[in-house]
Amino acid sequence: MKSRYDVIVVGAGPAGSTAARFAAMGGASVLLVEKDREVGIPVRCAEGVGEKGLRQVVEPQERWIDRVIKGAYLYAPNGVRVCLETNDIGYVLNRKTFDYDLARLAAAAGAQVLTKAYVTGLLMHDGVVSGVYLNHLGQTLSVQSAIVIGADGVESKVGRWAGLRTHVSLHDIESCAQVTASNVDIEDTHCHFFFGRQVAPGGYAWVFPKGNGVANIGLGVSGDCARTKPAWAYLEEFLARRFPRVSVLTTVAGGVPVARPLRRLVANGLMLVGDAARQANPVSGGGIVSGMIAAKIAGQVAARAVQEGDVSEQRLREYPVLWHRQEGRAHERFYKLKEAIWRLTDEDLDRTAEAYLRTPEERRSLLNLFATALVNQPKLILEAAKVFV
Amino acid sequence: MGEKAIRLKDDLCDLCGTCVAVCPADALELTECRLLIDRARCTLCLNCVYACPFACLEVHDEVPV
């Protein structure tokens, strides 16, 4: 390891490895640090992605894909089921292999990867972030850099250390629990989403098939609604009710920010990407692709800024400007939709499912479903039309 | 009776970091192997207690030393 790099990326999840890869491809010297002993473990994720989005950042590889998904089933609180077929293929990934390979691709592009390396703070020089303090195998090191990219996940500290306001309100966090289970008896060509106050208030439960009877079964509960009962208790009840015969192979907890985009994604010498930047889709909670798209832009901007010798906040703002154009505007709309959806009662959801099933098949679509749900809110239907083209 | 403080039930914590995200006082930090609670910063807002998926944070009375 050198004592100085152009770019240090903190966190080797999909966003971190993507930022490192694109910064290295742009000619920057890059150090990618991961606190855990191995990239890709533990997996705190339902592992679903859309094929089109993923392809914007990386060519999908067969070994990353546990299951190809053709569509989704949505279950209203009364059990009425709606099928959504989209023209975008979905994948349920194997995040262990996926994350590992993304870090490997970053290394192939020239980045140096270091595991068991925990960043304890930022080096600052005249109000500019100039590197990190690192604990690595019992040693405390300081490593300098022109730019630090924080990809340190939902628990991010990097942004806070640089003075960015990354705190998520209780209302805008999904408190999640998930098991990976075997003997799951459900159509494994589709992902399944369950709604209702009994199942997951302010969120939903999911079943994402991984093939051979294995699936990720989990749920997210809005932080607001978790005051009286934690996510894990909701999941235990859901499993007992719906899947009493499964065997649990893995159990994880997690938090998903479903917030408005952050006001500031950059500071002098610092950029944030992925869950650290609260970039998950506020409606679905999906954050892999949106984080990777942001990270690609951030990596490219970082490399250019280093080359120009200007890492000021003003220079780095090219990243949020480009991100806003590509993703952020839609993210704002998704946030408004999320707020409207979570105000719907169980009766509204039942009514929506029943009304949707009465529409002729050729007119059924995700947009049509939203329009049915938000029938009394024409302005929001327009917003939906802009994101579900 | 002592002062109230947030306490972690260590054996339940899954190190997911949800609590860190919702802490407005920057009183929590997740290292590679444990959750650190900075009691001097904690304002007892209880966001972390509510957001924890496994309910492994709780308020308790500190016994004065």
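1. Does A:R278 count as buried or exposed? A:R278 counts as buried, because 28 C-beta neighbours lie inside 10 Å, and the cut-off for a buried residue is 20 or more. This is a predicted model, and the points below should be read with that in mind.

2. The backbone at A:R278 deserves a look. Most residues other than glycine have a negative phi. A:R278 is not a glycine, yet its phi is positive, at about 55°. The residue sits in the loop between β16 (270-272) and α6 (288-308) of chain A.

3. A second residue of this kind is A:E47, which is not a glycine and has a positive phi of about 75°. A:E47 belongs to the loop between β2 and β3 of chain A. A:E47 is buried, because 22 other C-beta atoms lie within 10 Å.

4. The loop between β2 (30-33) and β3 (48-50) of chain A also holds A:P42. Most peptide bonds are trans. The bond that joins A:I41 and A:P42 is cis, with omega about -5°.

5. Next, a pair of helices. Two packed helices are described by the angle between their axes and the distance between the axes. In chain A, helix α9 (residues 346-358) and helix α10 (residues 366-373) have axes that come within 9 Å and cross at roughly 130°. The crossing of α9(A) past α10(A) is right-handed.

6. Which residues of α9(A) and α10(A) meet? From α9(A) come A:T352, A:A355 and A:Y356, and they meet A:L369, A:T372 and A:A373 of α10(A). Sorted by class, this contact of α9(A) with α10(A) has 4 nonpolar residues, 2 polar residues and no charged residues.

7. The last point concerns the two chains. How many residues does each chain bring to the contact? Chain A brings 27 residues and chain B brings 21 residues. On the side of chain B that touches chain A, at least two residues come from each of α1 (18-22), β2 (28-30) and α2 (47-51) of chain B. The element that gives the most to that side is α1(B), with 4 residues. By class, the side of chain B that touches chain A has 13 nonpolar, 4 polar and 4 charged residues.

Definitions and conventions. Residues are numbered from 1 along each chain as its sequence is written. Chains are lettered from A and ligands numbered from 1 in the order in which they are written. This is a predicted model: local features need pLDDT of at least 70, side-chain atom pairs count only at pLDDT 80 or more; totals for chains, interfaces and linings use all residues. Two residues are in contact if their C-beta atoms, placed from the backbone, lie within 7 Å. Ala, Val, Leu, Ile, Met, Phe, Trp, Tyr, Cys and Pro count as nonpolar, Asp, Glu, Lys and Arg as charged, and the others, Gly among them, as polar. Axes are lines fitted to C-alpha atoms, for helices over the stretch in contact, and angles run from 0 to 180 degrees between N-to-C directions. A crossing is left-handed if the near helix is turned anticlockwise from the far one by less than a right angle, and right-handed if clockwise. A residue is buried if 20 or more other C-beta atoms lie within 10 Å of its own, exposed if 12 or fewer, and partly exposed in between; C-beta atoms are placed from the backbone.
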